[in-house]
Amino acid sequence: RLSVVDDGRGVAAGFRLEDATGLGLSIVRTLVTTELDGSIVMRPLTGDDAARAGFDETARGTVVDLVVPIAPD
């Protein structure tokens, strides 16, 4: 499990990764979901997320949560 938090422009509240048409997001989505059998969620930064990341609680930004299963030994 990996969470990436930034304090940039942020994604719109109604953002849906499934509807994104950009090449970069398409490549990442395919790699994570198809090749690695994981999941990816992108959502707007909340005040709690910002505080945990050490940002001002009023910061805008994006949180990307990746979950990739570990193969058994």
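How many residues does α1 have, and what does it reach from its first C-alpha to its last? Helix α1 has 13 residues and reaches 17 Å, close to the 18 Å expected at 1.5 Å a residue; the expected span is 1.5 Å times one less than the number of residues. Helices (H or I, at least four residues) and strands (E, at least two) are DSSP runs, numbered from the N terminus.

The model is predicted: local features need pLDDT of at least 70, side-chain atom pairs count only at pLDDT 80 or more, and totals for chains, interfaces and linings use all residues. Residues are numbered from 1 along each chain as its sequence is written, and side-chain values use heavy atoms, with hydrogens and water left out.

Helix α1 covers residues 23–35 and includes Leu31. Leu31 counts as partly exposed because its relative accessibility is 45%; buried means under 20% relative accessible area, exposed over 50%, and partly exposed in between (1.4 Å probe, protein chains only). Together with Leu36 and Val68, Leu31 forms a nonpolar surface patch with about 220 Å² of accessible area. Such patches take residues with over 30% relative accessible area and no salt bridge, joining nonpolar side chains (Val, Leu, Ile, Met, Phe, Trp, Tyr) within 5 Å and like charges within 9 Å. Accessible areas come from the Shrake-Rupley method with a 1.4 Å probe, and for residues only the protein chains shown count as cover. Just after α1, Asp37 has a positive phi of about 55°.

Val67 belongs to strand β3, residues 62–67. Leaving out residues up to four places away in sequence, Val67 touches Arg1, Gly38 and Ser39, where contact means heavy atoms within 4.5 Å.

The charged side chains come next. A salt bridge is a side-chain nitrogen of Lys or Arg within 4 Å of a carboxyl oxygen of Asp or Glu, and by this rule there are five. One of them joins Arg16 and Asp19 at 2.9 Å, N to O.

Asp49, in helix α2 (residues 47–53), is buried because its relative accessibility is 7%. Asp49 forms a salt bridge with Arg43, the closest N and O atoms being 2.6 Å apart. Arg43 is also bridged to Asp65, at 3.6 Å between the closest N and O atoms. Through shared partners, salt bridges join Arg43, Asp49, Arg52 and Asp65 into one network.
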